Every structure is written in structure tokens, then in C-alpha cells.
Amino acid sequence: RRLASTITLPINNLVKTSRDISLTGKYELRTKKISNDEVGELADTFNEMLDLVEKRDDELRLSAITFNTQEAIIITDSHKNVIKINPAYTQITGFQLSDVESHKPSFFDSNYHDADVYQQIKASLAQQGYWAGEITDKHRDGRVYPGNYMITAVRNDADVITHYVVTFTDISERIAAEEKIRDLAFYDPLTHLPNRRLLMDCLSSALKSSIRTKQFGALVFLDLDKFKLLNDSKGHGYGDLLLTEVAKRLLRTVRDEDLVSRLGGDEFVVMLEGLGTDLTIATDYVHTIGHKLVMELNQTYILENHSHNSSASVGIALFNGDDSDVESVFLQADTAMYSAKKSGRNTMCIFDMSMQDVIEQKIQNEKELHHAIALKQFELHYQVIVDSEGNSIGAEALLRWIHPSKGMLLPDDFIPLAEELGVIKQVGDWTLNAACQQLKLWQEIDYAQHLVLTINISALEFQQHGFVDNLLAVVHSYKINPEKLKIELTETVILHDIDFAIEQITQLKVAGITVAMDDFGTGYSSLNYLSQLPISFVKIDHSFIARMTDSVQDTSIITMIISLGKMLNMTIIAEGIENKQQYDALKVMRCDCYQGHFFSMPIGIRDFEILVKSKYSI
Ligand code: C2E
Ligand code: MG
Ligand code: MG
């Protein structure tokens, strides 16, 4: 009646009479001798049967669909031997029915798992009738995959297990995604080392466990010397190669149980635990490790077929959990590291309590410098530069921090800190703007129109991308003559990456800004590359001037610098002239320009303008 397809029913068993009855056009029941009531009864029975058949058909169709899902399904007999699998099983595992039929699947195998996992599966099936969990299995090709499994025991009416139905999905992708998220949160993507967050967590646990065990641990801070210069000049790709190599070296230098992590940039941290309960022994041990690390990182690197030399400064803080917290151990190791940097880099230093004052002072200085930048607590002082007739030709602008309580601070007191805190650009921008503003004012004043103003540029500023564009934009915004601005660079800046330096200086020169090399002669290879640089001025370092009257050697170096400069069409400035004797001697050597206390100290703008206005002359 309602079935669309052919179906065989045991109609004859139902037949009670000899009369013909017709239930539908399709199904004819041949019956004999049947009463009217019986016809109705039979029709009802038959209808019920059809309903049952229809229901069973739906169920079969549904179970066929279910069996065809993405989830792998295995049906085993009560002895756990496979009797049926679905296509998804073959897809996930690579096995056909012929491979596994009548065999026990591996997850039922006590030899396959850790004993406790197998026991759990067995117990759960016996008690609850199912087990669910994640286990790994092997693909036909031998690769291992993680699966999310559900095993159900099927019981008959007599409560006896007749089958097991196992369903599972391959969760490799999910696990990979989870691992990726975990990696991003806790590992450094470049070196795959634990990151700051994971290190902090581990240090926190290490501190707790050292309270229990009374054993010392140590935090070893490593900072690559002058890495920023390499990164800024050779590009980040090159810097990344070095960092990756450093990570490898650290891993192979320390024990497996030590934690090697990367804080970011060129800073790495190694955490050591279980160094024993004796402070002297622990200190000796970290001393050896620190030294080993310095030596290892000092070996020549081969990056993109070029050899590269690098070094690191290492600072170590020991802890034993008693009264240390994560932040203070960090700060102590960091302080020791800066102390290592101060004592000449490529060295190590272990924190001791005498450095505590340094920590407190440093925190205070950092705070104050940020304030100084925000509140513009700076001033330029001007030191006159004269020619051989003693006429003022310009000035060097020297930065001063007018500290609210400490008074006037000199650049050496705060420029290195500004570089370290990454705020040198803000400081440099202030200086550049102040110098341009001054030049703009001088443009309008008769006695000052001729003055060339020189500013000093920090190595880190010069190496920053966009340095030249930024400088030119500021100069143009003040509408000043670019030829009145001169910048001074130190040799080390230029030496680090000579091609980059040539490119930058050429751009400045094209825009009309002249470049001077400051402190010339202090870098040992200076004479070799001088001819390659498009610079216009060379400033002989004041240390030569200071010694010239006593040292024949220094006098001959000065003579040589002057004659070399002249050959290369460069103007020579001698700085640090403190007396007439030095001035006279330099004049004889045909030096071009002169600067030093003998002419004037660096002074404030009012005094400087008075000095220039009085037609300063010796
Ligand atoms: P520098 O460029 O070599 O500047 C010359 C330094 O020598 C100045 O020290 C100056 O005061 C000092 N000086 C001048 N004449 C004499 C002298 O006759 N005898 C002696 N013994 N010293 C003399 P200052 O002002 O302390 O500056 C130190 C350094 O700080 C500068 O060396 C320069 O490299 C840097 N600096 C100054 N201003 C700035 C700035 O605005 N930005 C950056 N990045 N660095 C700056
Ligand atoms: Mg200078
Ligand atoms: Mg100098």
C-alpha cells in the first residue's frame, strides 16, 4: 500500500479463509473462506506489518547513512575480532576489510598501549559499557596519528556482550592547530625556543621548588654585542640567521635539562636548576658555564657563506627561592649583564648585592629620562669653531639635560641610556629640531648668518631605516639652507657597514648637508677607508691634541691625518684645543679649523651669540 518497492511478505501464513481480498492495487492477497470481520482484522494486522516493515526500512537506510559518515566505524564480535568496517575507516587508516577482518584492532591489544591505558579501557567497558578517549594508532603506511575514540559494548537481551562498536576520528589536524596556538603563546617563532612567558612560568616553578630542595638555581642572561647595528645595516633576514645559530649553540652548550629561551631581540636566557645547596660550589659552576657560553658565542659564524664575528655579554643571578621573586631575579641577571657590557663586552659577570644600588639607580634614571623627553628638559650648548684667523665659522651643538634636581647633565650621562631604552630617536629628533630652529633664527641675524651648526648623531640613530628621509623632512619643514647644517658621525658607525654608510652619506650630500667624521683616529682602520667615504670634514680626536706637545708619535699622526685629508679634499678640524701652544702648532701643520676650551667652553645660546657678536677673534 505504502511501499514503493517490491517486498516479499509471508502472506500465506496469514491466510485464514478462501475469499479473495484486495488491500491495494499492488498487493493482492489470495485467501480462502474469510469472514467480513476477519477481513477487517487481517487488514489491520497487515497494516501493522507494513508499518513495521516501513520503520525497519527507514532504520536500515539511516544506519547505512550513519555507516557512511566521516567517522571511522569498526564492528567487532564479542571476541573483539573485526567483522565490519566503514569506508571512513579505510580512508583514515589505509586498511581494507580484508586486512583487518577477524583480527583484533590494535586498541584492544594490551601490548600496544601503556598498561594503564589498556586497563582503563577494559575497566570502563566492563563497568560503564563504553570507553571514550584519545589514543594514537598506526596508519597502514607506518605513520602514527592521534584519534578520538569511542568504544561501546553492545549487549543482547540477556545482557551478554555480542559486539563492540568502535568509532573514531583522526584528530591530527586539531592537535596540530592546538600545538600551533600553544607554540605561538609560549615559543619564539624564529628559534622555537621558549619565550619570555614560558620562561617566567618555569622560573616561578623553579623558585618554588628551590625553596623545597634548598638547591641553588641560576638565571643566565645573554645579550649579543652590537646586534642592533648588524640588524639595521644588513637587514633583519641576516640578523635572524645569526639569532637562529646562537639558539643552536646555546642548546648544545648546556645540559638537556637546562631551559634555553629567547626573550626577544638579541636577548637569550638560560635557566639552570639543581646546582646543589652550597653557594660556593653553585657559584663556581655558573662561572664555568658563563665562561663556556661566552666562548661558544664568540666563535666565528658562517652566515650566507660569509664569516661573521659576534660576541655576547653574559650576566648571571643565582637564586635559591628563599626571598627572591621572578622579577627581582630577572632584574639581577639583567644588571649583571649590563655590568658585563660595561666592562668591555664579550665577558660575563655574576650578580652580587653591591649591584643592588645600581639596579635602583637604573630604574630611577629610566623613569627620569622618559620624563625628560616628555617635558623636553633639554638644552643645546654651543661651542664655537674658528678658522686659522680665529674667526668664528660655526658651532658644535652639544646636548645638555637640565635635570630638575641634579642640574646640568652631560651627554655621556644619558645618551647611552637613551640608546639602551630605545628612545634615542626621540632625543635625536629633539636635537635636530632645536638646531633647525636656531639656524632659522640665525638666518635673520646679520652677525650669525654665516654660522654652520653641527649636530652629533648617535650610531643607533644613523643605522635606523628612514633616518635620512626623516632628517631631510625636518630640515625642509624649517625652510633653512641645508648647507648650514652639518652632522657628525663617529668612526664606529661608519666602519660597521661601510656600504650602507656611503649610501646614506651620499644622500645627505646630494641634499646639501655636509657630514663630518668625529673623533677621527680612534678607530684603528680609519685610514684605510677614509678615501671611500663622501665626507667633507674630519675632526681629529682630542686625545691626539692633548698629547701632541709631549708625544712625537701623536704629532706625526696629526700631520699624517692633515695631509691625507688635504689629498682627499677634506677640511680638517682639530678638537679639544686647550692652549695657545696647541693652536699655534696646529696652525703650522696647516689644520683648517679649530675647536676647544681655548676658544670657548660649550655655552648657552645667549652667551654664544654675545661671543659671536663681539666679532670673536684671537
Ligand atoms: P664630541 O662630539 O666629540 O664632542 C666634543 C666633546 O668634547 C664635548 O663633550 C665637549 O664639551 C668636549 N670638549 C670641547 N672642547 C674641549 C677641550 O678643550 N678639552 C676637553 N677635554 N674636552 C673638550 P660633551 O659635551 O660632554 O659631549 C660628549 C659627547 O656626547 C660628544 O662628543 C658627542 O659624541 C656626544 N653628544 C653631544 N651632543 C649630542 C647629541 O645631541 N646627540 C648625540 N647623539 N650625541 C651627542
Ligand atoms: Mg662631535
Ligand atoms: Mg669628538
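**Terms and the values behind them**

Q: Why is Arg 255 called partly exposed?
A: In this predicted model, Arg 255 has a relative accessible area of 28%. Buried requires under 20% and exposed requires over 50%, so Arg 255 counts as partly exposed.

Q: What makes the contact between Asp 258 and Arg 255 a salt bridge?
A: The closest N and O atoms of Asp 258 and Arg 255 are 2.8 Å apart. The criterion is a side-chain nitrogen of Lys or Arg within 4 Å of a carboxyl oxygen of Asp or Glu, and therefore the pair Asp 258 and Arg 255 qualifies. Side chains of opposite charge can pair when their charged atoms come close. By this rule the count comes to 19 salt bridges.

Q: How do you know whether Asp 258 is buried or exposed?
A: The relative accessible area of Asp 258 is 7%. Because buried means under 20%, Asp 258 is classed as buried.

Q: What makes Glu 245 and Arg 249 a salt bridge, and where do the two residues lie?
A: Their closest N and O atoms are 3.4 Å apart, and the limit is 4 Å, so the pair of Glu 245 and Arg 249 is counted. Both residues belong to helix 9 (residues 236-253), at a spacing of four residues, about one turn of the helix. Glu 245 has a relative accessible area of 21% and is partly exposed, whereas Arg 249, with 4%, is buried.

Q: Which parts of the chain does the salt bridge of Glu 296 and Arg 252 link?
A: The side chains of Glu 296 and Arg 252 meet at 3.0 Å, N to O. Glu 296 lies in helix 10 (residues 279-298) and Arg 252 in helix 9, 44 residues apart, and the pair thus links distant parts of the chain. Arg 252 has a relative accessibility of 54%; exposed means over 50%, so Arg 252 counts as exposed.

Q: Why is Asn 456 called partly exposed and Asp 518 buried?
A: Asn 456 has a relative accessible area of 29%, and this value falls between the limits of 20% and 50%, so the residue is partly exposed. Asp 518 has 7%, under the 20% limit, and is therefore buried.

Q: What does Asp 518 bridge?
A: Asp 518 bridges the magnesium ion (ligand 2) and the magnesium ion (ligand 3), which lie 4.0 Å apart. The protein donors of the magnesium ion (ligand 3) are Asp 518 (OD), Asp 519 (OD), Glu 575 (OE) and Glu 575 (OE), at 2.1 to 2.6 Å. Asp 518 and Glu 575 are both buried.

Q: How do you know that the side chain of Glu 396 makes polar contacts?
A: Its side chain is in polar contact with that of Asn 456 at 2.8 Å and with that of Lys 539 at 2.7 Å. Both distances are within the 3.5 Å limit. Glu 396 is found in strand 16 and is buried, with a relative accessible area of 3%. Glu 396, Glu 488, Lys 539 and Glu 575 are linked in a network of salt bridges.

Q: Which contacts and elements surround ligand 1?
A: Ligand 1 is surrounded by 20 residues, the closest being Arg 400, Asn 456, Asp 518, Glu 578 and His 597. An oxygen atom of ligand 1 lies 2.8 Å from an N or O atom in the side chain of Arg 400. The protein covers 83% of the 800 Å² of accessible area that ligand 1 has on its own. Strand 16 gives the most to the shell around ligand 1, with four residues.

Terms used:
Residues numbered from 1 in each chain as written. Chains lettered and ligands numbered in written order. Predicted model: local features only at pLDDT ≥ 70, side-chain atom pairs only at ≥ 80, totals over all residues. Heavy atoms only, no water. Near = heavy atom within 4 Å. Polar contact = N/O pair within 3.5 Å; in protein donor to acceptor, adjacent residues only side chain to side chain. Areas by Shrake-Rupley, 256 points an atom, 1.4 Å probe, with all protein chains shown as cover. Donors = N, O, S within 2.8 Å, 3.2 Å for Na, K, Ca; no water. Buried < 20%, exposed > 50% of the residue type's maximum accessible area, 1.4 Å probe, protein only.
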